[in-house]
Amino acid sequence: MNSKQNQHAEDLQHIRSMMERSSRFMSLSGISGVFAGSIALVTTYVAYKIMLSYGIDYFDGYRFTQIDNYNQLLFDLFVLGFVTLCVCIGIGIFFTMRKSKKNQLPIWTATTYNMIEAMMIPLVAGGIACLAFFSYRHIYYIAPTTLIFYGLALVSASKYTFGDVKYLGIFEVILGLVAFFMLGYGLLFWAIGFGVLHIVYGLIMHVKYK
């Protein structure tokens with residue numbers, strides 16, 4: 001009798017596992033989060049040094065409307081952000097494909113497209129808001145805005161992947177809201193949100209789901 005019960009329990013566990021795999025994107029890699037967080041920390045430092053090269057200390061309350069060569073600064077920061085984004089996406093794809101191949105899981109499924117769609121609406125909205133801040137030279141608002149909309153994107157996408165992603169998103173949103181009340185320290189909050197939180201989250205995910 002116990003043998004049959006154990007068999008039924010194993011069958012139910014197997015069915016749950018199959019349903020979980022079919023309804024959620026299970027190939028996210030914790031290591032990619034660690035790399036992305038590390039790159040974000042380096043990028044934050046480089047952004048600060050770029051501003052210093054223009055005679056700006058981000059933390060001294062300097063107003064960007066006073067910059068004569070604002071367009072060049074904007075271009076430099078845009079290039080830095082674009083390169084960082086491409087590198088992080090590339091790393092994410094590499095580790096995702098490696099984990100997917102290792103666990104024999106498909107990458108491009110209906111769940112994958114649903115997850116991407118769920119993320120894109122907050123990300124696009126946040127990107128447009130940041131462009132508006134750039135155009136009006138309100139650079140101080142960009143760090144809090146990116147944190148909030150990125151966090152909302154994670155919360156939205158969490159229903160299609162690991163539930164832990166939701167908690168990372170909530171922390172990002174909270175951090176962004178706090179950053180709005182401390183505008184002179186946006187780079188610091190950016191480093192914490194995209195750097196430290198990603199590294200911590202990535203390590204937890206790697207240990208929990210390796």
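Among contacts between residues at least 6 apart in sequence, 74% join residues at least 24 apart in the chain. The model is predicted, and the chain has a mean pLDDT of 78. Its secondary structure comprises 7 helices and 0 strands.

**Overall make-up**
- From the N terminus on, the order of elements is α-α-α-α-α-α-α.
- The chain has 210 residues, and 38% of them are buried.
- The accessible surface of the chain is about 12,600 Å²; carbon and sulfur atoms account for 68% of that area.

**Confidence**
- A pLDDT of 70 or more is reached by 78% of the residues.
- Helix 6 has the highest confidence in the chain, with a mean of 92.
- Confidence is lowest in helix 1 (residues 2-23), where the mean is 47.
- Residues 14-23 have a pLDDT below 50, and this stretch has 7 contacts in the model beyond near neighbours in sequence.
- Where pLDDT is low, predicted coordinates should not be read in detail.

**Aromatic pair Tyr141 and Phe180**
- The chain's aromatic rings give a count of 5 pairs.
- One of them joins Tyr141 and Phe180, whose ring centres are 6.2 Å apart; the planes meet at 40°, so this pair is tilted.
- Tyr141 sits in the loop between helix 4 (110-135) and helix 5 (142-157), while Phe180 belongs to helix 6 (residues 164-180).
- The pair therefore ties together parts that are 39 residues apart in sequence.
- Tyr141 and Phe180 form one aromatic cluster together with Phe133.

**Aromatic pair Trp190 and Phe194**
- Trp190 and Phe194 form another aromatic pair, with 4.6 Å from centre to centre.
- The angle between the planes of Trp190 and Phe194 is 40°, and the pair is tilted.
- Both residues, Trp190 and Phe194, lie in helix 7 (residues 186-209); they are 4 residues apart, about one turn of the helix.
- Trp190 is partly exposed, at a relative accessible area of 22%.
- Phe194 has a relative accessibility of 11%, which is under 20%, so Phe194 counts as buried.

Technical notes:
Residues numbered from 1 in each chain as written. Predicted model: local features only at pLDDT ≥ 70, side-chain atom pairs only at ≥ 80, totals over all residues. Heavy atoms only, no water. Phe/Tyr/Trp six-rings, centres within 6.5 Å; stacked < 30°, edge-to-face > 60°. Helix = DSSP H or I, 4+ residues; strand = E, 2+ residues; numbered from the N terminus. Buried < 20%, exposed > 50% of the residue type's maximum accessible area, 1.4 Å probe, protein only. pLDDT = per-residue confidence, 0-100. Contact = heavy atoms within 4.5 Å. Areas by Shrake-Rupley, 256 points an atom, 1.4 Å probe, with all protein chains shown as cover.
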